[in-house]
Amino acid sequence: VVAAQRLRVERFERRAPQPLDAAVVCLMATAAKQELAARGLSGVSQAAVQSAMEELGAGTGVDQLWLYFLDSDFAALEDAKLVSSQTKSGMLKGPVVLQINSLVDVSKPTCALQSGDPKSRVLRLELTDGHTTYRAMELCPIFYGSSCVPGLKLLVHDCAIANCFLLLSPANTKVVLEAL
């Protein structure tokens, strides 16, 4: 019985996939990093991609890595810097994925009594790419109800910058992944 078990183990070990060569993993991670950057995740380091590939297992595709990084906290990402957070004006080309750190409806008065239309709002957001914090204003509603919470991921492209604020609108901002 023991000999038969040993024979089965030896056959299994011969069929088990061999670990990939480090050079192959590096090339796969480089290609995945480039594809992720093209999709807007420019803040993902080579080491983070390789680590995610190891964690997710062999055969990990770019779509799986995309979801993995969207589901992670951007504060843990490295090498992310889009534009200086002190840029007074210009354009953020993108696409780039940003995470909401905090938000405040600046159209609401601080006192308990509210005036004006409750449907109208102006959100001031604090966003991050994992390295730098950016200020932003929602010019027109992009998200509705409770979906606008910290941790929400936004895909931003061709976004104007005025007075150090990213000016967000439905034309240049899309919700990518709801916060869990």
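These questions and answers walk through local features of a predicted model.

Q: How many residues does helix α2 have, and what distance does α2 reach from its first C-alpha to its last?
A: Helix α2 covers residues 22-39. Its span is close to the 26 Å expected at 1.5 Å a residue. The helix has 18 residues, and from first C-alpha to last it reaches 26 Å.

Q: Why do the buried residues of α2 lie on the same side of the helix?
A: The buried residues in α2 are Val-25, Ala-29, Ala-32 and Leu-36. They share one side of α2 because the arc they cover around the axis is only 70°.

Q: Which exposed residues does the face of α2 turned away from its buried side carry?
A: Exposed means over 50% relative accessible area. The buried side of α2 has Val-25, Ala-29, Ala-32 and Leu-36. The face turned away from it carries Leu-27, Gln-34 and Ala-38.

Q: Which helices do the buried residues of α2 pack against?
A: Val-25 and Leu-36 are among the buried residues of α2. The packing partners of this buried set are α3 (46-56) and α4 (62-70).

Q: Which residue follows α2, and what is its phi?
A: α2 spans residues 22-39. The residue that follows α2 is Gly-40. The phi of Gly-40 is positive, near 115°.

Q: What arc do the buried residues of α4 cover?
A: In α4, the buried residues are Leu-65, Trp-66, Phe-69 and Leu-70. They are on the same side of α4, because around the axis they cover an arc of only 130°.

Q: Which elements do the buried residues of α4 pack against?
A: Trp-66 and Phe-69 are among the buried residues of α4. The buried set packs against both helices and strands. These elements are α2, α3, β2 (96-105), β5 (153-156) and β8 (173-177).

Q: Over which ring does the charged end of Arg-39 sit, and how far from its centre?
A: Arg-39 belongs to α2, residues 22-39. The ring below its charged end is that of Trp-66, with the centre at 5.7 Å.

Q: Which backbone oxygen does the side chain of Ser-72 reach?
A: Ser-72 lies in the loop between α4 and β1 (89-92). Its relative accessibility is 19%, so Ser-72 counts as buried. Beyond four places in sequence, Ser-72 touches Gln-99 and Lys-153. At 2.7 Å, its side chain reaches the backbone oxygen of Phe-69.

Q: Which side chain makes a polar contact of 3.0 Å with the side chain of Asp-129?
A: Asp-129 sits in the loop between β3 (123-128) and β4 (133-138). Its relative accessible area is 4%, so Asp-129 is buried. The side chain of Asp-129 reaches the backbone nitrogen of His-131 at 2.9 Å. The side-chain partner at 3.0 Å is Tyr-134.

Conventions:
Residues numbered from 1 in each chain as written. Predicted model: local features only at pLDDT ≥ 70, side-chain atom pairs only at ≥ 80, totals over all residues. Heavy atoms only, no water. Helix = DSSP H or I, 4+ residues; strand = E, 2+ residues; numbered from the N terminus. Expected span 1.5 Å × (residues − 1). Buried < 20%, exposed > 50% of the residue type's maximum accessible area, 1.4 Å probe, protein only. Arc of directions from axis to C-beta. Contact = heavy atoms within 4.5 Å. Lys NZ or Arg CZ within 6 Å of the ring centre and 35° of its normal. Polar contact = N/O pair within 3.5 Å; in protein donor to acceptor, adjacent residues only side chain to side chain.
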